[in-house]
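Please open the model in your viewer and keep the selection tool at hand. The stops below say what to select next and what is to be found there.

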Amino acid sequence: MATEILMPALSPTMEEGTLAKWLVKEGDTVNAGDIMAEIETDKATMEFEAVDEGTIGKILIEEGTEGVKVNTPIAVLLEEGESADDIDTASSASASEAKDDSDAAETPKSAPAEAKAPAAPKSDTSPDWPEGTEMEKKTVREALNAAMAEEMRRDDTVFIMGEEVAEYQGAYKITQNLLDEFGGKRVIDTPITEHGFAGIGVGASWGGLRPIVEFMTWNFAMQAIDQIINSAAKTLYMSGGQMGSPIVFRGPNGAAARVGAQHSQDYAAWYSQVPGLRVVQPYSAACAKGLLKTAIRDPNPVVFLENEILYGRSFEVPKLDDFTIPFGKAKIWREGEDVTIVSFGIGMTYALEAAEKLAEDGIEAEVVDLRTLRPMDTDTVIASVMKTNRCVTVEEGWPVASIGNHISAVLMQQAFDYLDAPVINCTGKDVPMPYAANLEKLALTSTQEVIDAVRQVTYR
Amino acid sequence: MAPRKSNAKPNVSADELKAYYRDMLLIRRFEEKAGQLYGMGLIGGFCHLYIGQEAVVVGLEAAAEEGDRRITTYRDHGHMLACGMDPNGVMAELTGREGGYSRGKGGSMHMFSTEKRFYGGHGIVGANVPLGAGLAFADKYLGNDRVTFTYFGDGAANQGQVYETFNMAALWELPVVFVIENNQYAMGTSQKRSTSTPDIYTRGAAFGIPGEAVDGMDVLAVREAGEKAVAHCRSGKGPYILEIKTYRYRGHSMSDPAKYRTREEVQKMREEKDAIEHVRDLLLSGGHASEDDLKAIDKEIKDVVNKSADFAKESPEPAVEELWTDIIADVAPQEEAAQ
């Protein structure tokens with residue numbers, strides 16, 4: 001049957017173009033791949049090739065014509081044995097077919113997206129471990145180490161790779177003794193090549209393993225951020241649910257002490273923006289342990305943000321054989337009626353210290369530790385603010401597009417009528433981290449800033 | 001370019017030759033149809049056609065065994081068809097429909113099939129190279145003898161992470177065949193203008209990875225080289241590099257103005273080196289098939305491709321609920337499938 005050759009779309013944005021030149025004439029025979037015309041698009045002059053073989057029966061649009069809309073018939077192609085007399089019937093038939101096709105392309109068959117994001121889970125304030133559980137003092141370092149060792153004993157597919165994780169016993173000793181217990185097959189020193197080994201880790205997670213990728217610090221993971229986001233976080237979606245990336249990326253995040261601008265950045269807000277990722281930033285040893293074990297078992301990519309200064313701090317950790325903390329569950333460290341202080345990670349040290357000092361003056365702060373930033377337990381924050389009517393957020397990261405900004409927006413939208421004062425975000429200053437001791441101190445947030453903010457929102 | 005044809009008398013059966021002819025023709029006709037649907041506005045965004053390079057994937061798939069894995073960049077339609085993925089599902093993904101491999105959420109550059117062990121479909125040049133080595137890492141860790149084909153182009157061969165991966169793959173003796181599909185142009189920049197070495201495979205020598213150049217317009221030469229590379233990897237000797245010299249007839253993507261090479265250059269390749277014509281000649285001159293036999297294959301392929309286009313047009317757009325699915329998994333899907 002004779003078919004119409006339609007004005008092609010030759011770029012993602014082309015709507016019309018100029019038929020600059022015909023390179024065939026009526027009566028010419030063409031084969032698939034032969035160049036038939038030159039067409040000027042919004043971007044360039046393109047060659048237009050034949051897709052089918054046949055004879056050019058009629059040219060419908062003269063060369064030099066401008067503003068030819070995409071999908072307009074520009075010529076008629078005859079198959080073997082047909083003549084130009086067949087054209088009329090053919091063109092009406094194929095024109096209606098073409099119309100259907102363009103309708104299909106332009107008109108979405110379904111209504112515009114009205115689907116809503118799934119509702120957030122309700123606030124869960126149940127205790128992390130049963131009452132009366134025996135406790136022991138452990139550092140965050142020991143807790144992280146124990147979490148990995150326990151999970152590696154439980155599941156043979158869990159392995160750890162990173163710089164200095166094996167023979168050196170970990171740059172910050174988080175992987176101490178793992179090489180001795182699990183051997184070089186499962187505790188793997190990598191070359192200094194973050195981009196490459198992050199990608200190998202993601203590939204291994206697709207191949208049936210449960211990798212833990214340690215970054216010596218998260219600053220170095222900027223070399224690897226493409227693999228974390230484009231390869232790990234997006235693949236489940238891009239594959240229509242066929243493939244997930246069960247992998248944990250972990251290491252110290254944020255400022256340490258006097259290590260300068262390139263080694264002192266908090267990535268909490270960066271990674272929290274990415275759908276497909278889990279983002280965790282624990283404060284205590286118990287949370288670090290329970291959340292890392294959950295991270296290793298989670299079928300999704302987890303960004304696990306630790307803190308070098310917290311590594312050596314001791315906390316009470318439950319003595320339980322297998323203890324995990326679910327994602328998306330904040331922890332209320334201190335109850336209070338006057339103000340809600342929301343923080344996570346090392347920000348909790350300022351929050352808790354400020355709360356103690358404020359209590360001396362009769363201001364009772366409720367301190368909420370988010371623990372996981374994605375998914376974020378905003379229900380617990382909202383429930384607290386509905387009680388206190390005031391909120392201060394605390395983090396070490398930069399102020400623009402911060403976690404505090406996000407919480408402020410959520411409160412404004414979902415608890416506006418409960419707020420008696422604007423939410424204040426205590427953050428790191430909007431500067432690269434300076435080296436000088438006095439300046440570094442000023443660049444971070446502080447207990448005093450939190451106290452001042454609370455006084456401002458409580459008008460006391 | 002490497003020599004035109006494999007010198008050795010081809011050790012190949014008539015049935016194998018016919019299968020290669022059919023598989024290469026399927027890719028070509030499928031891609032021509034995709035180009036046509038793009039022109040009609042049914043396929044949007046970026047669409048990178050594989051026309052001209054068919055012998056690469058068909059030759060290497062002939063060297064692959066059940067359970068081997070493959071991963072590639074964004075010019076991926078040929079790889080999917082060659083490893084046995086359903087043309088209907090591929091075409092429907094191109095049109096962004098429910099019947100597509102990713103239910104319309106991936107598009108031309110992002111399709112996957114754990115069943116056929118095809119791991120995408122990646123849009124960031126070079127990023128799939130460590131991912132492929134990671135798949136090979138998993139196989140070595142799990143103690144099986146599977147091999148991963150990691151395809152990338154001459155353009156990607158200048159990315160840093162490729163060499164980070166070469167280093168670790170060699171160090172850890174990972175069973176990965178690095179396939180450099182050298183079609184001579186990184187988008188519009190010729191190899192000469194972008195790449196310091198004329199033979200890219202020689203870069204593996206710095207890492208102790210053996211490699212060779214292969215005539216990518218000769219499916220039998222590709223298969224032969226593929227078998228050698230696979231045997232090397234499967235025997236535990238670590239990675240191998242195949243630099244397959246090929247040529248893409250069409251533009252980099254659909255919106256390529258093709259000003260960086262002459263029409264004559266493209267025409268010459270098509271007329272003198274075409275991989276499908278080569279096999280067609282072998283079949284006819286060797287008396288393995290008649291013109292009628294080949295016509296029957298042509299017709300069969302045309303039907304398959306037309307059906308895929310019909311399916312891709314008729315399949316509905318994804319339900320709006322799909323916007324919010326597949327963001328977070330409850331169970332890793334590939335682990336669930338393995339159970």
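Begin where the two chains meet, and select A:His195, A:Gly196, A:Phe197, A:Gly199 and A:Ile200 in helix 4 of chain A, which meet B:Gly160, B:Gln161, B:Glu164, B:Thr165 and B:Met168 in helix 6 of chain B. Contact here is a matter of C-beta atoms, placed from the backbone, that lie within 7 Å of each other, while helices (H or I, at least four residues) and strands (E, at least two) are DSSP runs, numbered from the N terminus. By class, this contact has three nonpolar, six polar and one charged residues, where Ala, Val, Leu, Ile, Met, Phe, Trp, Tyr, Cys and Pro count as nonpolar, Asp, Glu, Lys and Arg as charged, and the others, Gly among them, as polar.

Before going further, note that this is a predicted model, in which local features need pLDDT of at least 70 and side-chain atom pairs count only at pLDDT 80 or more, whereas totals for chains, interfaces and linings use all residues. Residues are numbered from 1 along each chain as its sequence is written, and chains are lettered from A and ligands numbered from 1 in the order in which they are written. The predictor gives the complex an ipTM of 0.95 and a pTM of 0.90. If you colour by pLDDT, the predictor's confidence in each residue from 0 to 100, chain B has a mean of 94, and 96% of its residues reach 70 or more.

Stay with the two helices and turn the view until both axes can be followed. Helix 4 of chain A and helix 6 (residues 160-171) of chain B pack with their axes 8 Å apart, at an angle of about 70 degrees; axes are lines fitted to C-alpha atoms, for helices over the stretch in contact, and angles run from 0 to 180 degrees between N-to-C directions. That makes helix 4 of chain A roughly perpendicular to helix 6 of chain B, since angles under 35 degrees count as roughly parallel, over 145 as roughly antiparallel, 65 to 115 as roughly perpendicular and the rest as oblique.

Now widen the selection to the whole interface, where 63 residues of chain A are in contact with 63 residues of chain B. Strand 5 (45-49), helix 1 (87-106), helix 4, helix 5 (225-233) and helix 6 (235-238) of chain A each supply at least two residues of the side of chain A that touches chain B. Which helix gives the most to that side? Helix 4 of chain A does, with 10 residues. By class, that side of chain A has 32 nonpolar, 25 polar and six charged residues.

Next, select the open sheet of seven strands in chain A, whose order is 11-10-12-13-15-14-20, with mixed pairing; two strands pair if DSSP finds at least two bridges between them. Strand 11 (187-189) and strand 20 (372-374) of chain A stand at the edges, each with a single partner strand, so one side of each is left without a neighbour in the sheet. Neighbouring strands of this sheet are turned by 20 degrees against each other on average, direction ignored. Within the sheet, strand 12 (residues 210-214) and strand 13 (residues 248-252) of chain A pair in the parallel sense over three bridges, and A:Ile212 stands opposite A:Val248 in strand 13 of chain A. Helix 4 (residues 194-206) of chain A packs on this sheet, touching strand 10 (158-162) and strand 12 of chain A, and its direction makes about 165 degrees with that of strand 12 of chain A.

Two backbone details come next. A cis peptide bond, with omega about 0 degrees, joins A:Arg374 and A:Pro375, and A:Pro375 is found in the loop between strand 20 and helix 11 (378-388) of chain A. At A:Lys173, phi is near 65 degrees, a positive value in a residue other than glycine, and A:Lys173 lies in the loop between strand 10 and helix 3 (178-182) of chain A.

Finally, move to chain B, where the axes of helix 1 (residues 14-39) and helix 10 (residues 275-285) of chain B come within 10 Å and cross at roughly 150 degrees. That makes helix 1 of chain B roughly antiparallel to helix 10 of chain B. To see the contact, select residues including B:Leu17, B:Tyr21 and B:Arg28 of helix 1 of chain B, and B:Ile276, B:Val279 and B:Leu283 of helix 10 of chain B.
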